[in-house]
Amino acid sequence: MSKLEIKNLKKYYHLGNKTEFLALDDINLSFKEGELVSIVGESGSGKSTLMNVIGGLDSDYNGEIIVGQENIKNLSNRELDEYRKKKIGFVFQSFNLIPHLTILDNVTIALTLSNVKESEKVKKATEILTRLGLEKQIKKKPTQLSGGQKQRVAIARALINDPEIILADEPTGALDSTTTLQILDILKEIADDGKLVIMVTHSEKVASISSRIVELSDGKIVRDEVNNGYTKKEGSLLEKSQDTTSIKNKKKSHLSFLSAIKLSFHNMWASKMKNFLIAFGVSISLVSLILMLSFGSGLTDYISSLADQYTNPLFVTISKRSEKDASGNTHLSNPLKPLGFKDPTEIDNLMNDINAKLEEAGYEYRITDENVSYGFNQMVYGSAKFTYKVDDDGKYDENGSTDSTHDIFYVYTTPPYYDESNMIAGDMSGMNEIMFSKAVVKLLGMEKNEDVIGKKVSIKIPSMHINTENIVSDTLDCYPTISGIVDVSNMFENFPVIYVSYDYLKALVDYANLGAEDPIDFYPYSIYIKTDSEETTKFINSYIDTLSNYSGSVEEQMVSMFTGMISTFSTALTIIAGISLIVAAIMILVVLYMSVTERTREIGVLKSIGARRRDIKNIFSTESLLIGLLSGILGVILSMVVGLILTLVLNSVLGFAPLTFKWYYFLIAMGISVVISVLAGLLPAAKAAKLDPVESLRHE
Ligand code: ADP
Ligand code: MG
């Protein structure tokens with residue numbers, strides 16, 4: 001019974017422009033097991049084409065190829081993969097070992113593709129490698145072997161699945177004559193073991209040791225003769241365990257996820273520097289992402305902690321939101337020029353409104369004139385100044401001869417709930433008194449906070465026409481006295497911020513308005529309501545929240561003060577993070593594409609061994625997954641380091657570090673890294689899977 005039958009085989013290559021080239025012309029051949037066949041013929045006569053068709057690498061032909069009882073024309077792609085894996089062993093002229101795998105892993109690759117257990121793989125491979133005299137080379141890489149050794153490894157790889165047919169395309173073409181003989185001996189032994197060995201050779205000498213010679217010329221058989229001198233030794237190389245089950249009935253197993261990881265890992269390890277650099281590149285974008293998130297929440301946390309610190313539960317603070325904008329959104333007022341309560345009846349109406357609500361809800365408390373007070377604050381940096389006399393050393397001196405002038409950053413009126421606990425030194429201010437932030441201590445050339453108390457300075461706030469030096473009055477001083485140092489937030493510690501009482505500020509404006517051509521319209525920017533309990537405060541606050549043009553929460557007001565700053569920062573960071581993530585994805589895409597090109601031959605080998613498209617896709621997808629994971633881990637570690645350094649630096653420079661790292665930011669970064677890597681890997685993986693095996697094997 002014949003092992004392989006070829007009937008009326010015709011193979012056309014399609015050359016485009018509808019021209020076709022007939023590479024195999026009506027081939028009829030029948031081979032039995034135990035034959036060692038040499039296919040000879042001129043270059044271009046169709047030998048390799050014939051091998052590829054028999055091996056199931058090329059299924060675009062006319063005619064029949066019958067292996068055992070099975071016409072391989074009738075096999076599905078999936079079954080054809082299985083056919084290559086189980087029934088065929090390929091040996092190539094250029095060995096085609098996978099360079100980054102050890103000899104053992106090269107030999108077991110076909111078993112790996114069938115998801116065979118590790119111990120069984122090692123046992124089988126060691127057995128075959130030992131028979132081929134390679135037991136000492138198991139741990140080496142292909143580059144560490146001689147040509148003859150490499151070809152023996154390739155033979156071991158072809159034998160590992162105990163195939164019925166060995167196809168060797170010029171297996172000795174790259175070897176010297178001594179090694180050639182060794183390889184031929186091995187091939188002969190394999191045939192003697194009962195397998196069908198078909199080899200292509202150029203050399204008549206090589207052909208002469210085989211049991212049968214078939215010669216092709218221009219795609220036709222011109223000679224088919226049996227070598228009568230051929231002697232057969234009885235099986236010596238391998239134990240017989242031939243499995244002749246039909247491919248259709250075979251249980252189909254495939255590459256496991258774990259093995260895909262192992263294969264990808266080996267490959268990545270082979271070019272570790274490259275992969276590390278990509279991962280490093282991606283991780284930088286992850287760092288900016290994590291920092292952006294941490295910065296956003298850090299600032300919010302910081303501001304709400306400030307708000308908590310400066311909020312008194314017995315006070316409601318009301319400020320105005322600006323009108324609705326074109327898109328119908330209301331904004332908190334601009335910190336540079338807040339909206340105020342210009343019209344006193346507006347305040348009355350609002351208070352009455354709240355009182356009505358309080359009554360409705362059954363509260364006893366009512367707002368009266370006694371428990372309402374006003375506030376004003378404005379960012380005045382660059383226009384407002386404070387001035388004092390200095391001595392020759394530039395230190396504060398009331399009798400000094402020159403002036404020292406400094407910018408004021410912010411003007412605040414002291415909220416009614418401020419008390420000694422809000423002071424670093426000195427007392428709360430009243431008429432003709434001001435309070436400063438700590439920054440002023442340095443400006444005045446003083447050492448201790450207490451030393452500043454009692455010093456006199458003049459104040460200029462041009463936007464309010466205030467210039468205390470011009471004052472000629474019984475009640476208002478030209479030089480208000482510094483009564484204390486306010487514990488402003490860390491954020492303001494380094495800026496000169498002044499605090500005055502609302503009444504004093506109003507008196508200064510009123511004085512400036514006397515006889516002025518363009519009197520300043522001074523009105524409160526915020527209203528403070530003293531309540532009787534925390535509960536009442538909450539009730540009033542929640543009512544104000546329902547009003548679109550008022551804001552009741554101090555937190556919201558403080559956040560609004562920094563909205564500009566926060567949104568500029570986080571928009572910039574988001575854009576940077578976004579762009580760099582796109583760049584990272586493209587980088588991964590390019591690198592994986594290059595990897596596919598570099599590994600074209602390897603893909604061809606894997607396919608000839610029986611890897612399915614899915615297996616190839618999985619190997620490459622796993623690689624992109626690993627790059628994603630590696631980048632993610634690197635990104636997390638880097639952002640922890642950068643975050644720590646940034647926190648230390650900010651703390652020492654600003655006195656606070658608005659960075660809050662939440663554990664899920666790292667998870668998000670990790671997730672994004674994996675997702676973009678896997679997405680970027682899809683195209684290259686699909687490309688790899690689609691490669692034509694015959695062309696890939698010819699790839700240089
Ligand atoms: P051999 O292995 O005997 O040297 P091949 O089987 O490789 O010859 O090629 C047989 C003929 O088919 C040659 O003329 C070759 O140019 C042609 N051929 C091989 N592959 C292709 C292909 N992919 N497209 C077109 N022609 C091809
Ligand atoms: Mg050839």
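How many residues surround ligand 1, and which are the closest?

## Around the ligand

In this predicted model, ligand 1 is surrounded by 13 residues. Gly 44, Gly 46, Lys 47, Ser 48 and Thr 49 are the closest of them. Sorted by class, the shell around ligand 1 is made up of 6 polar, 4 nonpolar and 3 charged residues.

Two elements to look for are strand E2 (20-31) and helix H1 (47-54), each of which supplies at least two residues of this shell. Helix H1 gives the most, with 3 residues.

## Polar contacts

Let's look at some side chains next. Thr 49 has a side-chain N or O atom 2.5 Å from an oxygen atom of ligand 1. Ser 48 also places a polar side-chain atom by an oxygen atom of the ligand, at 2.8 Å.

How much of ligand 1 does the protein bury? Taken alone, the ligand exposes 560 Å², and the protein buries 69% of that. As for its location, ligand 1 sits in the largest pocket.

## The chain as a whole

Stepping back, you can follow the protein chain through its domains. Domain 1 covers 4-87 + 163-253, domain 2 covers 268-304 + 561-698, and domain 3 covers 377-523. Between domain 2 and domain 3, the C-alpha centres are 53 Å apart.

Conventions:
Residues are numbered from 1 along each chain as its sequence is written. Chains are lettered from A and ligands numbered from 1 in the order in which they are written. This is a predicted model: local features need pLDDT of at least 70, side-chain atom pairs count only at pLDDT 80 or more; totals for chains, interfaces and linings use all residues. Side-chain values use heavy atoms; hydrogens and water are left out. A residue is near a molecule or strand if one of its heavy atoms lies within 4 Å of it. A polar contact is a pair of N or O atoms within 3.5 Å; within protein, one must be able to donate a hydrogen and the other to accept it, and residues adjacent in sequence count only if both atoms are side-chain atoms. Accessible areas come from the Shrake-Rupley method with a 1.4 Å probe; for residues, only the protein chains shown count as cover. On a 1 Å grid over the protein atoms alone, a cavity is a set of points where a 1.4 Å probe fits but cannot get out, and a pocket is an open set with protein on both sides within 12 Å along at least five of seven lines; lining residues have an atom within 4 Å of a point. A molecule sits in a cavity or pocket if more than half of its atoms lie within 2 Å of its grid points. Helices (H or I, at least four residues) and strands (E, at least two) are DSSP runs, numbered from the N terminus. Ala, Val, Leu, Ile, Met, Phe, Trp, Tyr, Cys and Pro count as nonpolar, Asp, Glu, Lys and Arg as charged, and the others, Gly among them, as polar. Domain bounds come from an automatic or database domain assignment.
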